Amino acid sequence: MSFRARHLLGIQHLAPDEIRSVLDLAERYVDLNRRTVKQSDALAGMTQINMFFENSTRTQASFELAGKRLGADVMNMAVAQSSVKKGETLIDTALTLNAMHPDLLVVRHGSSGAVNLLAEKVNCAVLNAGDGRHEHPTQALLDALTIRRAKGRIQRLTVAICGDIAHSRVARSNLILLGKMENRIRLIAPPTLMPSGVDEFGAEVFDDMKAGLEGADVVMMLRLQRERMDGGFIPSEREYFHRYGLDAEKLAHAKPDAIVMHPGPMNRGVEIDGTLADDINRSVIQDQVEMGVAVRMACMDLLARNLRAERGAKAAGDIYV
Amino acid sequence: MTLFLENARVIDPEAGEIREANVILDNGLIAAIGDASAPMDARIIDCGGKYLAPGIVDIGVKIGEPGERHRESFRSAGLAAAAGGVTTIIARPDTVPAIDTPEVLEFVTRRALESSPVRIRHMAALTKGRAGREMTEIGFLLDAGAVAFTDGDHVVTDTKVLSRALTYARSLGALVIGHPQDPGLSAGAAVTSGKFASLMGLPGVHPMAERIGLDRDLGLIEMTGARYHADQITTARSLPTLQRAKANGLPVTAGVSIHHLTLNELDVGDYRSFFKLSPPLRSEEDRLAVVAAVAEGLIDVISSMHTPADEESKRLPFEEAQAGAVALETFLPAMMRLYHAGALSLPDLFRAASLNPARLLGLPQGRMEEGAPADLVLFDPDAPFLLDRFTLRSKSRNTPFDGQRMEGRVQATFVAGRQVFGQEG
């Protein structure tokens, strides 16, 4: 098992073999999670704190469940963005928490890089549960696991990522992961929601959805934030759905066995047709949720192993010196 | 007291040459440059073959007086300047409150005179409170000693207001300093847009925002005939516009910060907020284009854009962190990077850092000639050191060069013929 990272801040810092290690271990947790007794002692005695500066029911629940199934003591800190007006409080909060000796810190924050900043200040392992528009590594890993289980591999696939690429950390982490695993990546978005310079990342850029979907193995839809729909970035919700909403007709341009993914929560009728989202022959959206728990268990397990090894080495050093 | 600086390599930015000479400083002025021997009562300083140049005249230094003295005082800025080879600070009016009345200007002038070992001159705001609505008392402020008028990075968005202020400034021969940046495009930006910004998930501003700002300002200059200096031209896209304006004979000059000449956007790395500047750091292509423009003389002035920020305003997620970096004390060492890279000669560097800014503001400094003010810097361009930001004399230590190897050190600084800084050992 090769996974050397101390924190999981982004896919950017992971090597392909580390990504494979996470996915392999997650497979075992998928099996565990399907049993009646879903208990492991991988994190027994350890403390996991979830700090979500941005509200998220789904991701927080997924991390909480993952920690509990591994036997950790899990605490959810209620830190709404409003109560932490300034980042100095972010560092202060980090230092306060650090003094309580947590082992794993799961952090979501609205600013890109905030989780990196926090990781510099604490002694525990930090998991990025989404920072600004930067990265959401566990989402990309759970997407990779979902794809690997559905397609039998995570290389040499054509993956179309469609929607609000500019503001999406999910898109960024997936773009990096899929690139590292040598896939062909298509980015589809109205030009106002396409970040500049992405063509230099080795992705193909499309503003015509049908052309972008041509021959795709995987179609990954992104959530479009409500506040972007009112004329600032796109003219209207209905025009967006007409041009970029995934329906059966547009999906017909992808391969016949292409799978449909969405990180949730979905806006039915905005970025994805409701019937399609529920089509169990095409949609793997519910699988993504299941893989989410398993992948997060794998990540936390691996980080905890590294943490123990590091502390063990330190303790041994103390004795012999 | 008379000073005799012997065995120096004297940099003359006006002639563009370096020669070995002895220099006599007397009565606050350069009394002689040549092979003269020491006058009877002179204090003799052996320069050991090191370089002697006119001290830097730094347009655009933020000092926290009044309002933010915990960030930088006239005293701390003056000490930092002396250590960085800066002998005249041209202070910015973006203080709290803004320097927008003759009364505030008189206050800061007096404070600066009492506290600083180097010369400090002041710019005044172009509009009251830098709010972009009503022009300041440009005439009174000129009488009180303002050397230029600027609202700093608050771009005057109302072109009617700006055109009137420019017209009025023209009648008095006042210099107006603009910050070319389209406020709409640059709103909320933390870095320059492009691959790096997209990868980091940071909001970016397109380099075109600078040219749009410059185009607009130059249009108004053509209309009003006011003297105009663009404080920071940092992108390749702006250069043809600037060149055309100069070729057409508009009274226009431009500057660039030492950080934009020596760093690029990738230096931000892992969200290091000490590299967050305004305008943001640019691509390497832009940096090289701007360095070449300084070498050609298209960009006239190198400045520090010294912006002290306390730890609290920098230890934040990148987007929320304050922009700006301290630069006074690292000014000369950072300039030497350009010299060692072969990008600019020593006379070219001091032409842009000392002579041109002095000329622009009508000051007698910046020249290496008999009768000029004895504001000089003695330095060793090859002296290596490792920069530790906690050794800086500024009250704020937000330097992007922390922990970096620097080559080139100030050995002594003279202002009005008096030594105000000396390297120990």
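1. Start with Gln139(A): leaving out residues up to four places away in sequence, Gln139(A) touches Val170(A), Pro263(A), Gln288(A) and Arg296(A) (contact means heavy atoms within 4.5 Å). Gln139(A) sits in helix α5 of chain A and, at 6% relative accessibility, counts as buried (under 20% relative accessible area, with a 1.4 Å probe and protein chains only).

2. A quick word on what you're looking at: this is a predicted model, where local features need pLDDT of at least 70, side-chain atom pairs count only at pLDDT 80 or more, and totals for chains, interfaces and linings use all residues. Residues are numbered from 1 along each chain as its sequence is written, chains are lettered from A and ligands numbered from 1 in the order in which they are written, and side-chain values use heavy atoms, with hydrogens and water left out.

3. Now look at His136(A), in the loop between β4 (125-131) and α5 (137-151) of chain A (helices, H or I, have at least four residues and strands, E, at least two, as DSSP runs numbered from the N terminus). His136(A) is buried too, with a relative accessible area of 3%. Beyond its neighbours within four places in sequence, the contacts of His136(A) include Thr59(A), Arg108(A) and Arg296(A).

4. The unreviewed UniProt entry puts both His136(A) and Gln139(A) under "binding site", along with Arg58(A), Thr59(A), Arg108(A), Gly264(A) and Pro265(A). Bear in mind that such annotations may be inferred rather than shown by experiment.

How values were computed. Buried means under 20% relative accessible area, exposed over 50%, partly exposed in between (1.4 Å probe, protein chains only).
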